[in-house]
Every structure is written in structure tokens, then in C-alpha cells.
Amino acid sequence: MAEGLLARCRTIVGDAHVITDAATMAPFMADWRGRYSGRGLAVVLPLNTAQVAAIVAACAAAHVPIVPQGGRTGLVMGSVPDTSGAAIVLSLRRVNRIRSIDSLNRTMTVEAGCILADVQAAAGEAGMLYPLSLAAEGSCTIGGNLSTNAGGTAVLRYGNTRELCLGLEVVNAQGEVWDGLRGLRKDNTGYALRELFIGAEGTLGVITAAVLKLYPAPRAALTALVALDSPRQAVELLGLLQARCGAALTGFELMSAFCLELVAAQFPDLPRPFEDCHPQYALVELSSNESDAHAHGLLESSIGEALEAGVALDAVVATSNKQALDLWRLREHIPLAQAAAGKNIKHDISLAVSRIPDFIARADAALQQAFPGCQPVTFGHLGDGNLHYNVAPPAGESHEAFLGHQAAVNRIVHDLVADCGGSISAEHGIGMLKREELARYKSPVELGMMRAIKAALDPLGIMNPGKIL
């Protein structure tokens, strides 16, 4: 049966695009962080939606599972197969055309395999902005962004990937094509099918194309780094800036002192904006559709008010594009610095912004009591309530040995998140990594509805099995 299916796949996509050699398949089997490697029957690389549909139909007929895959930058093991060796890994990287740009409707229609940075560049060439921005934008794909409902640094102003999508094209679990590529901002004609597939991590069908929202490109963008005394002061600063700047506030990132110390230790060539060390920092970005002078005036007056009110301790405003990039590099190098220092226990959580200071204080205290000397690496998108609350071992302790405490650390952190009314996954998804945690924190009613949707749309259970549920 397997040979018959592979022969059918070769007929559909060509011999060169069905990979069965173990060495060539290896990168498609591995988790990006290097924690896990599965096995697959083959890697198949279709060119277009019709080929995706034909492959899915062939797999459905053979009852062979399918693992859709984009840029392989996911962080929860959602796009890698299990160890059974039974699944077809369906790589969408060749399904990568930008089909059209509608400047008057401010939309663009792109295929799932398009690299995010290429979509951003195409929008820029048309004089517009596609605002989704994240660290992996040079290799992640639009299909993966949609399947995980990716967040990034501009959610405060523009929303998650879900808010940036108007329509989808999807191959369902039977190999049929649903054409929902409508560039409509209003469409109340029944169930919102689009919403089912965004964030579903390929467990309900394969996204092959999308209609994305575009925005006017800002005429000016300014960046500042603000020194703060505490997370509570950061929340107060956020409120002040939102009141003064409104929609011009496009980014607000929180970074603890330990984060920047980690970056300085691993990347000593990066700038150090302040002579003194402060407990917390906020990276602030303002965008203006008026003028550079307007943006400067708004940012400087707002930060001046924060300093006078004692909401901020100090601030550095970038005066050039290079300085702005350098400030953003501090934030973007935190994950790289963590990786260089050694493995740690990671959490991608979200809370109401007002609950974040209380959560950090409680989590820090609980972890110190359980694991004295452990080092929280706290940073993230404070403006939208998303924290990357990671935990490194005490100084001098083995990183590998500390990973043995992962279950206990997760329990402390996730129980506190639940107690604060938050979510255990803000933007990374569930995949295999958080599947058991999801079962612990979702209510039976929620899980029952999710299983009913899965059974209705994928009755054979072949779409990315073992992920989410």
C-alpha cells in the first residue's frame, strides 16, 4: 500500500519532489530547537493547490496521515511527524506565489509557502505595509503563520495573524478545495469557516492561500528604550503612552535587566544604551502617517511626561535608523543569547495586561522557593499581554540537569497563569509539546467542542495527528 501511494504521489508532483532518502528527509523530520526528531514515509513537495488536493485525496484513500509543513520554525513540535514512520510530510515551500495585490482594497493574495519577509517586501514595493513581524520572518511562511495564528511585535496595533487575514483557500481532509479567497471586511453569510482553520495547526485541513490585509506605509517610525523600576511601572507607562499616542503606538516590549545582561554577555559588540543598570526596560515604537516631526514631537513629549510623573527612570530615543535597529537588536537577541548560554525552560503565556505585574511577582517568588537561585528570563510583548517567561538554572548549575525539573516548573508557572485567568500558549500554539497541558487547563466543554469539530472535518483522523488533541 505504501509503495502504491508513493507511486501515486510521484505521478502527481514528479519524481524529484517525492523524497524518501533518510538523509535528505532528516531536516524535515526534526524540531527547530533540536529537541525531537520523528520519522516519515516520505516528504512530498507539491507546486500548487491542485497538487496539494490530489496528494491529500490519495492519502485519504490510503488512510495515511499527513503532516503539513511550512518554514519549520515552529516552537511546539507542531509540524514534525511522530516516530511511527507512517506519515507523509507535506511541505508547502514550493506553493509560494504572490498571486495579486489590490491596492484600492488594500489586500494581497498569497500562497501558503510564501516567506513572510517576501510578503513584507512585496507590500512595501506597492507602497503599503503588511505589519506581521517576528524574529523568524526570513524563513517562516504565511501558511505556518496562519496555522499557528502567529503574533509578533506589532500585535498591539494590528492584531495577530488572524486579524490580518480576510480569506482562505483550504484543502480539506477529503482532498476537496474550499475557495474562500474573498477580500471582504464584512461577510455574515453563515459560519465563519476561515476562523476554524486559523490556529488549527493543520489538524483540520491544509491552508494553501490567503487574502491578507494591507495598511498604508507609515511616513515615520521612531524607537525609544525606557528604563523602569518594575513591571508595574511598565504597565503604567503603557497606559500613559496609549492615552497620549493612540494608534501611533505600534510596539511595546518588556525586557528585564537579566535579559539585557544575558545579551551583553553573549553579544558584547551590541550597544549598551545606559551607563547604569535598571530593573526593567521597555522598548517603545511609534509610527506616524503624518511626518517625522510629528512622530518625534509626540514621542518626546510623552516620554517627558512619563519622566516628570515618575513613571520612568530614564530614556534613550533613537535619532537614526541605525540606532533604532540597534535598540531592536537588543530585544531580538534575547532568544539567541539564551540559546548560547544553554537550554532553559520556556513559557509562552498571555494575561490581561493589568495582571502581569502580579503574575511576575508571584511566579518569581514561587520559583525561588522551589528552586533557589533559578533565574527568570522575562521578556515579551507587554502591549498585548504576551510574556515569554523562561527559567534558567541557578548560576553554575548544569542546564541539562535543570531541564529535569521542567514538569515541576511548568506546573508552578501554568497553575499561576490559570489562576490569573491567562493562557498557557499566547502565540506559539500547542503542537505535541503542550498537548497534555492543554488537556489539563481546558474545560471538558471546550475540549468536547474541539473534538467534535475535529471529528466532523477530519473523520479519518489523518490531518496532523497527535497535535493539539
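Start on the surface. Select Tyr-191, Leu-193, Leu-196 and Ile-453: together they form a nonpolar patch with about 410 Å² of accessible area. Patch members have over 30% relative accessible area and no salt bridge; nonpolar side chains (Val, Leu, Ile, Met, Phe, Trp, Tyr) are joined within 5 Å, and like charges within 9 Å. Areas come from the Shrake-Rupley method with a 1.4 Å probe, and for residues only the protein chains shown count as cover.

This is a predicted model: local features need pLDDT of at least 70, side-chain atom pairs count only at pLDDT 80 or more, and totals for chains, interfaces and linings use all residues. Residues are numbered from 1 along each chain as its sequence is written, and side-chain values use heavy atoms, with hydrogens and water left out.

Now zoom in on Tyr-191. It sits in the loop between strand 9 (177–180) and helix 7 (193–197). Helices (H or I, at least four residues) and strands (E, at least two) are DSSP runs, numbered from the N terminus. Is Tyr-191 buried or exposed? Tyr-191 counts as exposed, at 80% relative accessibility. The cut-offs: buried is under 20% relative accessible area, exposed is over 50%, and partly exposed is in between (1.4 Å probe, protein chains only).

**Salt bridges**

How many salt bridges does the structure hold? There are 18. Each one is a side-chain nitrogen of Lys or Arg within 4 Å of a carboxyl oxygen of Asp or Glu. Side chains of opposite charge can pair when their charged atoms come close.

Select Arg-99 and Glu-169. Their closest N and O atoms are 3.1 Å apart, in a salt bridge. Arg-99 is in strand 5 (residues 98–102) and Glu-169 in strand 8 (residues 165–172), so this pair ties together parts 70 residues apart in sequence. Arg-99 is partly exposed at 29%, whereas Glu-169 is buried at 7%.

Next, select Arg-162 and Glu-195. This salt bridge has its closest N and O atoms 2.7 Å apart. Arg-162 lies in the loop between helix 6 (155–158) and strand 8, and Glu-195 in helix 7, so the pair ties together parts 33 residues apart in sequence.

Move on to Arg-244 and Glu-305. Here the salt bridge's closest N and O atoms are 2.5 Å apart. Arg-244 belongs to helix 8 (residues 231–245) and Glu-305 to helix 10 (residues 292–308), so parts 61 residues apart in sequence are tied together.

**Helix 8**

Select helix 8. Its end C-alpha atoms are 21 Å apart, which agrees with the 21 Å that 15 residues should span at 1.5 Å a residue. The expected span is 1.5 Å times one less than the number of residues. Its buried residues include Leu-237, Leu-238, Leu-240 and Leu-241. Just after the helix, Gly-246 takes a positive phi of about 60°.

**Aromatic pairs**

Last stop: rings. Rings of Phe, Tyr and Trp (its six-membered ring) pair if their centres lie within 6.5 Å; planes under 30 degrees apart are stacked, over 60 edge-to-face, and the rest tilted. The count is 5 aromatic pairs. Select Phe-371 and Phe-402: the ring centres are 6.1 Å apart and the planes at 80°, so the pair is edge-to-face. Phe-371 is buried at 14% relative accessibility, and Phe-402 is buried at 1%.
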